[in-house]
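Reader: I've got a structure open and I'd like to go through it with you. Can we start with a salt bridge and work outwards?

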Amino acid sequence: MKAVLFEKFQEAPKVVNVADPAPEAHGVVLKVEATGVCRSDWHGWMGHDSDIEVPHIPGHELAGVVEAVGKDVKNWKVGDRVTVPFICGCGSCSECHAGHQQVCLHQEQPGFTHWGSFAEYVPIHQADLNVVALPETMDFATAASLGCRFATSFRAVIDQGKVSAGQWVAVHGCGGVGLSAVMIASAAGANVIGVDLDPAKLALAKELGAVAAIDGKSDVVGAIKEITKGGAHVSLDALGHPATMTNSILCLRPRGKHIQVGLMLGDHATPAVPMPKIVGQEIELLGSHGTQAHRYGAMLDMVESGKLNPARLVGDKISIDAAPEALMNMDKFQSVGATVITSF
Ligand SMILES: [Zn+2]
Ligand SMILES: [Zn+2]
C-alpha cells in the first residue's frame, strides 16, 4: 500500500510503498477514505511522543470502509462505513470496564502506538469496542474531522465542562479544537467568547456562534472579565501554550473550570500554573483527551439533527502526495479549518 513514512524524527517524511496490514483476531483493517492532518501528528514527527518508534506512519483522524475482519469480530463486516476515536481502549482494564476508554491503561492510538492512517489501509484493534458506524448522510472528510479535535472538544465542553445554557464559556485558541468547542458550547446554549491572534479565525468563531471575539494580543483576561461581568464559568485552552493556559485560568470567575485540551509537550510540558487563584477561588483544573466510542452516538445525533455542523470545520482537501509538506508545516497555524487527505 501507499503510505507516508518517516525514518527519523524531524526528517522529511516520504510517500512509499509498504506491505498491506492484516487484521488481528479482534481487529479490523480499514480502507482509509479520509484522514485529517493534526498538530499531534506534527508533535509525533518532531519526536515529542514517547509512544512512537521509527520508521513510522502518522495519522489518527480517520474514516473509511471495513476492508478485512479478524475472526473474533462480531459487530462489523466488510463494506461497513466507519470511524474510530483516536484513543482505542483495550476492553479489559479497570478504566475500560468503567466506560472510560479515553484513559485506557493499555490504549492503542493509530499513528502513535502503531502505524496510522496516512496510508491506504490502517489496522484497528478491538474493533467491537472501538469502531463506530457512520450515519449514511455523513461524508468521509467530515467523519475524519470528528475523531480527534471535534470529539475531544465535545468531551471537554459537554462531559468535562458540563456546560449549560446561559453560562459564559471562553475558548482560547480558535484552531480546529477551539472552533469545534465554540460550535459545541454554543449549541449547548452557552455564551461563547473566542480568543485568537488571527482575525480570520475570530470571524469564523463568530459565524459558528461566538457572541464575542477577542484579539489574543490585547488584555484578554480584562476583556473577558468585563464582558462576562466577573469571569467565565468555563474556559478552555484549546491551543496548548503557557500563555493561553494562564489566560484561561485567570479569566475564570470563582469556582470556574479550566479545561486543558491543547497538548502541552516539549518545552511547554511543565508550565507555571497560577496556583493562588486556583486555591483561593476554588478553580477546577480538568484535562480532556479524546472521547469514548460509546459517546459518539450523542455527538452524531447532534450532527444529524443539525445542531452541530462539523463540515464547516473541514478546510483543504489534499492528496497523500501533499501530506508530507502539510505535516511538516502544521506548527505554523496557517490554515483555517482542518486539512484532510482525501485521495490516496
Ligand atoms: Zn488529531
Ligand atoms: Zn483498557
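Reader: Is R255 buried or exposed?
Author: R255 is exposed, with a relative accessible area of 58%. Keep in mind that this is a predicted model.

Reader: What does the side chain of R255 meet?
Author: The side chain of R255 meets that of E282 in a salt bridge, at 2.5 Å from N to O. R255 sits in strand β12 and E282 in the loop between α9 (275–280) and β13, so the pair ties together parts that are 27 residues apart in sequence.

Reader: And how accessible is E282?
Author: E282 counts as partly exposed, at 46% relative accessibility.

Reader: How many salt bridges are there in the whole structure?
Author: A search of the whole structure finds 10. One of the pairs is K77 with D80, at 2.9 Å from N to O. K77 counts as exposed at 52% relative accessibility, whereas D80 is buried, with a relative accessible area of 14%.

Reader: Why is D80 called buried?
Author: Its relative accessible area is 14%, and buried means under 20%.

Reader: What about E33, which residue does it meet?
Author: The side chain of E33 meets that of K31 in a salt bridge, 3.7 Å from N to O. E33 is partly exposed at 24% relative accessibility, and K31 is partly exposed with a relative accessible area of 32%.

Reader: Which residues are linked in a network?
Author: R155, D159 and R295 are linked in a network of salt bridges.

Reader: New topic. In what order do the strands of the open sheet come?
Author: The sheet has 6 strands in the order β10-β9-β8-β11-β12-β13, and the pairing is parallel. At the edges are β10 (212–215) and β13 (284–287), each pairing on one side only. Neighbouring strands are turned by 20° against each other on average, direction ignored.

Reader: How many bridges join β8 to β9?
Author: There are 5 bridges between β8 (residues 168–172) and β9 (residues 191–196). In that pairing, V169 stands opposite V192 in β9.

Reader: Which strands does α4 touch?
Author: Helix α4 (residues 140–160) packs on the sheet and touches β11 (232–237), β12 (252–260) and β13. The direction of α4 makes about 145° with that of β12. Helix α5 (residues 176–187) also packs on the sheet, touching β8, β9 and β11, and its direction makes about 170° with that of β8.

Reader: How do α4 and α10 pack?
Author: Helices α4 and α10 (residues 296–304) pack at an angle of about 95°, with their axes 11 Å apart. That angle makes α4 roughly perpendicular to α10.

Reader: Which residues make the contact?
Author: From α4 they are L146, G147, F150, A151 and F154, and from α10 they are Y296, A298, M299, L300 and M302. By class, the contact has 9 nonpolar residues, 1 polar and no charged ones.

Reader: Last one. Why is α1 described as largely enclosed?
Author: Of the 8 residues of helix α1 (residues 39–46), 6 are buried, so α1 is largely enclosed by the rest of the structure. The buried ones are S40, D41, W42, H43, G44 and W45.

Reader: What covers them?
Author: The cover includes β3 (28–37) and α11 (323–328).

Reader: And which residue follows α1?
Author: G47 follows α1, and its phi is positive, near 95°.

Terms used: Residues are numbered from 1 along each chain as its sequence is written. Chains are lettered from A and ligands numbered from 1 in the order in which they are written. This is a predicted model: local features need pLDDT of at least 70, side-chain atom pairs count only at pLDDT 80 or more; totals for chains, interfaces and linings use all residues. Side-chain values use heavy atoms; hydrogens and water are left out. Two strands pair if DSSP finds at least two bridges between them. Helices (H or I, at least four residues) and strands (E, at least two) are DSSP runs, numbered from the N terminus. Axes are lines fitted to C-alpha atoms, for helices over the stretch in contact, and angles run from 0 to 180 degrees between N-to-C directions. Contact means heavy atoms within 4.5 Å. Angles under 35 degrees count as roughly parallel, over 145 as roughly antiparallel, 65 to 115 as roughly perpendicular and the rest as oblique. Ala, Val, Leu, Ile, Met, Phe, Trp, Tyr, Cys and Pro count as nonpolar, Asp, Glu, Lys and Arg as charged, and the others, Gly among them, as polar. Buried means under 20% relative accessible area, exposed over 50%, partly exposed in between (1.4 Å probe, protein chains only). A salt bridge is a side-chain nitrogen of Lys or Arg within 4 Å of a carboxyl oxygen of Asp or Glu.
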